[in-house]
Amino acid sequence: MKSGNHWTGIAFGVGLACFAAYQQFKLPVALPVLLERYGYDRILAGACMSVYALAGLLLSVYAGRLLERRGAVPPVCAAMAFMLVGSLLPLVAPSHGWLMLLGRGLEGIAFAVLAVCGPVVANASATPRQLPIVIGLTAMWIPVGQLSATALAPLALATHGWTLLWWAGAAGCVAFTAWALRIRGVPALAPASAGRAPGESALRADERRALGIAALIFGIWSGQYFAFMTWMPQFLVEVHRLGVSSALTGYVVPVVLVMVFNLATGAALRAGVPLGTLMAAGVAAQAAAWWCLPIAGAGWLGLTVLVVYGISAGIVPACLFGTPRAVTGASGRTAAAFGFIMTGRNLGVLIGPVLLAQIVKSTGAWDGTWPVFGALTTVAFVLAVMLARRLRRIESG
């Protein structure tokens, strides 16, 4: 592959994933306004976030197989069509919560495809030397999407209102479709299953076991992360009495740290630090942050907890996005492996925001959230230690 094609494929893959994350996270930054203006039920509001995960749960494995068979361009163009319709639907009658949910569901179908296509194309475009850094870049898709939505939100709310966030998403669909068609000759966008016998299984049994553990970790980790990030602005408004703009500033602190430590984790992997060890350390720190939450408050200790949470939330996804390549190597089975672990991720995203909303609604307070998510993240740490041992066996041949 020519050098220019390497970077074209990397830029397209990373950009695709970041755009998908923007579409998902335009909701949390607009949520306080939507709740106040249209009176959405909290469970419905959480479902508007979790419906992305329901689509991903059903479609991620299929998306990986489709990507292997057809290449990236046809699935991406189809996904952008779904995303465009989903972005425009809620603008018709935003006071109808079911229409917002339907639009988010169509966006979620597209997201399931883009969330697999983006990382796979970026990883397939990278040389072995570039790969650890590309893994870090790939893991940044969620925080980049969050920051993009957060940066646009003040302008949107001060001018055209929350609808500007949705119009920007619609424009992005058109732009990425044009980009995909323009670079369709790049090798990383071509089918990866050429030469494989018909009916041959994409993943071996031992690979499935390792990826199954990774999928469980991803499920638990993403559940607590998306619950935290979906409801954090509303938590800061209700509990700490911050204005919407101040809440968004607090929201940015862990997101920026996530991005920095996504890249730092890529550099550490490139330097030879074991992936499994890094992952276990990151999950342990995140579990500690949840257990410290009840004594954190809004002062320096609360800021410290946010910092620790942001650092660990940067380490863990970078390691998880590096796991498919670590398990399968350069075998051409990476797309199927990504589809496998993204199923776990989407299960967590489906449950996490709704679970937190249900806890707050049933208890009438936020205090019941930390023991539940602290315990779940502790379980994820135990699984991360198991995966680290399995990865060491794979590396030793």
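How many helices and strands does the chain have? It has 13 helices and 0 strands. Both are DSSP runs numbered from the N terminus: H or I over at least four residues for helices, E over at least two for strands.

This is a predicted model, where local features need pLDDT of at least 70 and side-chain atom pairs count only at pLDDT 80 or more, while totals for chains, interfaces and linings use all residues. Residues are numbered from 1 along each chain as its sequence is written, and side-chain values use heavy atoms, leaving out hydrogens and water.

**Whole chain.** Buried means under 20% relative accessible area, exposed over 50%, and partly exposed in between, with a 1.4 Å probe and protein chains only.

**Helix α4.** Select residues 97-125. Centre on Ala-110 to find a kink of about 25°. The bend is the angle between axes fitted to the seven residues ending at a residue and the seven starting there. In α4, 24 of the 29 residues are buried, so the rest of the structure largely encloses this helix.

**Helices α2 and α12.** Select residues 42-70 and 334-363. Their axes come within 8 Å and cross at roughly 170°. The two helices are therefore roughly antiparallel (over 145 degrees). Their contact has 19 nonpolar, 9 polar and 3 charged residues.

**Cysteines.** Select Cys-18, which is buried at 13%. Then select Cys-292, partly exposed at 34%. The disulfide count is 0, taking pairs of cysteine sulfur atoms within 2.5 Å.

How values were computed
Axes are lines fitted to C-alpha atoms, for helices over the stretch in contact, and angles run from 0 to 180 degrees between N-to-C directions. Angles under 35 degrees count as roughly parallel, over 145 as roughly antiparallel, 65 to 115 as roughly perpendicular and the rest as oblique. Ala, Val, Leu, Ile, Met, Phe, Trp, Tyr, Cys and Pro count as nonpolar, Asp, Glu, Lys and Arg as charged, and the others, Gly among them, as polar. The expected span of a helix is 1.5 Å times one less than its number of residues.
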